[in-house]
Amino acid sequence: MLKTKDTVPQLLAHRQENLKKRRQEFKWSVYAPGLPHTVLAKSPHELPPEVRFSFTREKEFQFTSGAAFMKLKLENPINGTWNSFEAIKEILSEKPETYEYVEKNWMTDEFFAYQFLNGLNPMIIKRCSKLPEKFPVTNEMVKSFLPGTSTLESEMKKGNIFICDYERLRDLEGNEISNQKQYLAAPLCLLFSTRDKLMPIAIQLNQQPGPGNPIFLPSDSESDWLLAKIFVRNAEFNEHELNFHLLRAHLMGEVFTVAMMRNFPSCHPLYKLLIPHTRFNLQINILARSLLISETGYFPKFTAIGNKSMTTFLKRAASSLTYSSLCIPDNIKERGLETIPNNYYRDDGLELWDIIYKFVSGFVSHYYKDQDVKDDNELHSWLTEIRENGFLERSEAGFPKSFGTLKELAKFITMVIFTVSAQHAAVNSGQFEFGGFMPNFPSTLRCPPPKQKGETTMDSILEALPDISTTINTIAVVYLLSQESADRYPLGHYPEELFSEEMPLKLIAQFKSALQDLEKKIDNRNKKLALPYTYLNPPNVDNSVAI
């Protein structure tokens, strides 16, 4: 029930007591200046039992973690440099089909480009209508990769040229692993889209153009071009894991959760709607801070970005976070991806957004009219805490300061649910399949970006790739992060009976039915694809950030 409709004094008092207790249990903490705030808890055991893992899940998580490391380390116990790509393929004896597809195709330009649309990180690519001055690609350089007598200028006008810019990685100092210097690049990659495929046509490995920063082309030597693509894939590793996965899914999910626990009493309809979408988020984030990004975690030990540069990068990523970038219809439009062919992340994501929006609109319309939205101070306290602790009051983020209509509220709630369910699934579930084969997703590189062409060999590429220990530890991490748990709840499943009224139950049934229809549609499309896109198929989407 909304507070404005709750007129019994005892019930109002109970409501206030409920929130007073929760605000004691769930407090904000500053993890690092410039980053979204977190729950005040260094260990999962400091969290209230209601938001912690179940006993079975905790045991399973520990077992999976141990099993992943033991299995992979046993198969490759020695350290050193890989002597061939074949040796890397022999790390695992059992591999998912997509993993094998990646192994076979990772060197091809077509698969390299495909991943910008449907791989682990479909979030960087955008249409290029004018080349940035820092990326001086000429028509002469790329005309042989364009059709007939076409030019770069004319293809940009047609909307067929796309760019990936890793500017947030500029001027970052590489980490040291086992007393060996590691290296980062901040590349730019230009791509050309035809009716049936996307292809890379130019790569520059640093932001400042000049003689020591060549523009690599598909017509260069095989090893020059391959190393340039590998540097892009390492940039993808950092943008994907830290920005689009950790920051925009995990940390924003935590902000939504803590704000909800502090501002909605258990009887509030939005608490009942959102609580399934917060499940395990706080505990998984505490574990991530401890095991992955702490000073003794995975990132300082096994990645080029390390700890200090990671914090700088995360601050840059947080400062670029906007409300519209979390709303997939707005985000697709802003990046000019409305018509690019074979973008299954876009197609499935937009369908899921629409299904969630229809469900949420029906739900809020049942409990609110426009005036109720304006009058609900618990709702506005929730919004204020999200703005203050997630977007850090940045006006340029375009974050709503208040809700005046049902439509505004429905869009915001849809964004919250989409972020922690569909968007997290899109960037999380394929980590082992796309990232397990190390050359496709290197966590670090042991040589600086080449300053001229013609010096790279296949042997020097192997020397540049992560060492054996780093490779094994990274495979174990992406394996663990991709595992489904036995007690997972797919999107649309609400096992706790939180609603007894007829209308919410009817809306949930319609929501499930729409998700099942989308599942059939995706299954039919995937039958025709050499590499099915499954990450946004509703049965594969969890209700919450639970891993």
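Predicted model: local features only at pLDDT ≥ 70, side-chain atom pairs only at ≥ 80, totals over all residues.
Trainee: How many bridges join strand β4 to strand β7, and do these strands run parallel or antiparallel?

Mentor: Five bridges join β4 to β7 (residues 188-193), and the two strands run antiparallel. Two strands pair if DSSP finds at least two bridges between them, so β4 and β7 count as a pair. Strands here are DSSP runs of E with at least two residues, helices are runs of H or I with at least four, and both are numbered from the N terminus.

Mentor: Residues are numbered from 1 along each chain as its sequence is written, and side-chain values use heavy atoms, leaving out hydrogens and water.

Trainee: What makes β3 and β4 a pair?

Mentor: Two bridges join β3 (residues 126-127) to β4, so the pair meets the required count of at least two. These strands run antiparallel, and Arg127 stands opposite Phe162 in β4.

Trainee: Which strands form the open sheet, and in what order?

Mentor: The order is β3-β4-β7-β8-β9, with antiparallel pairing.

Trainee: What makes β4 mostly covered?

Mentor: Four of the five residues in β4 (residues 161-165) are buried. Buried means under 20% relative accessible area, exposed means over 50%, and partly exposed lies in between, using a 1.4 Å probe and protein chains only.

Trainee: Why is Ser324 called buried?

Mentor: Its relative accessibility is 19%, which is under 20%, so Ser324 counts as buried. Ser324 is found in the loop between α12 (308-319) and α13 (328-334).

Trainee: How do you know that the side chains of Ser324 and Glu334 make a polar contact?

Mentor: Their separation is 2.6 Å. A polar contact is a pair of N or O atoms within 3.5 Å; within protein, one must be able to donate a hydrogen and the other to accept it, and residues adjacent in sequence count only if both atoms are side-chain atoms. At 2.6 Å, the pair falls within that limit, so the name applies. Leaving aside neighbours within four places in sequence, Ser324 is in contact (heavy atoms within 4.5 Å) with Asp330, Asn331 and Glu334.

Trainee: Why is Gly80 called partly exposed?

Mentor: Gly80 has 26% relative accessibility, between the 20% and 50% limits, so it counts as partly exposed. Gly80 sits in the loop between α2 (55-75) and α3. The C-alpha atoms of Gly80 and Asp467 are separated by 5.5 Å, although the two are 387 residues apart along the chain.

Trainee: What makes Asp171 and its phi worth a look?

Mentor: Asp171 has a positive phi of about 55° although it is not a glycine. Its place is the loop between β4 and β5 (176-177). At 77% relative accessibility, over the 50% limit, Asp171 counts as exposed.

Trainee: Why is Ser178 called exposed?

Mentor: Its relative accessible area is 59%, also over 50%, so Ser178 is exposed. Ser178 has a positive phi of about 50° although it is not a glycine.

Trainee: What makes up the largest nonpolar core?

Mentor: It has 164 residues, and those with the most contacts inside it are Leu270, Tyr368, Trp382 and Phe412. A nonpolar core is a set of buried Ala, Val, Leu, Ile, Met, Phe, Trp, Tyr and Cys residues joined through side-chain atoms within 4.5 Å. Helix α8 (residues 222-263) gives the most to this core, with 21 residues. A second, separate core of 17 residues includes Cys128, Phe135, Leu190 and Ile215.

Trainee: At what angle do α1 and α8 pack?

Mentor: Helix α1 (residues 9-25) and α8 pack at about 140°, with axes 7 Å apart. Axes are lines fitted to C-alpha atoms, for helices over the stretch in contact, and angles run from 0 to 180 degrees between N-to-C directions. In this packing, Leu19, Arg22 and Arg23 of α1 meet Met260, Met261, Arg262 and Asn263 of α8. Helix α8 also lies across β8 and β9, running at about 90° to β8.
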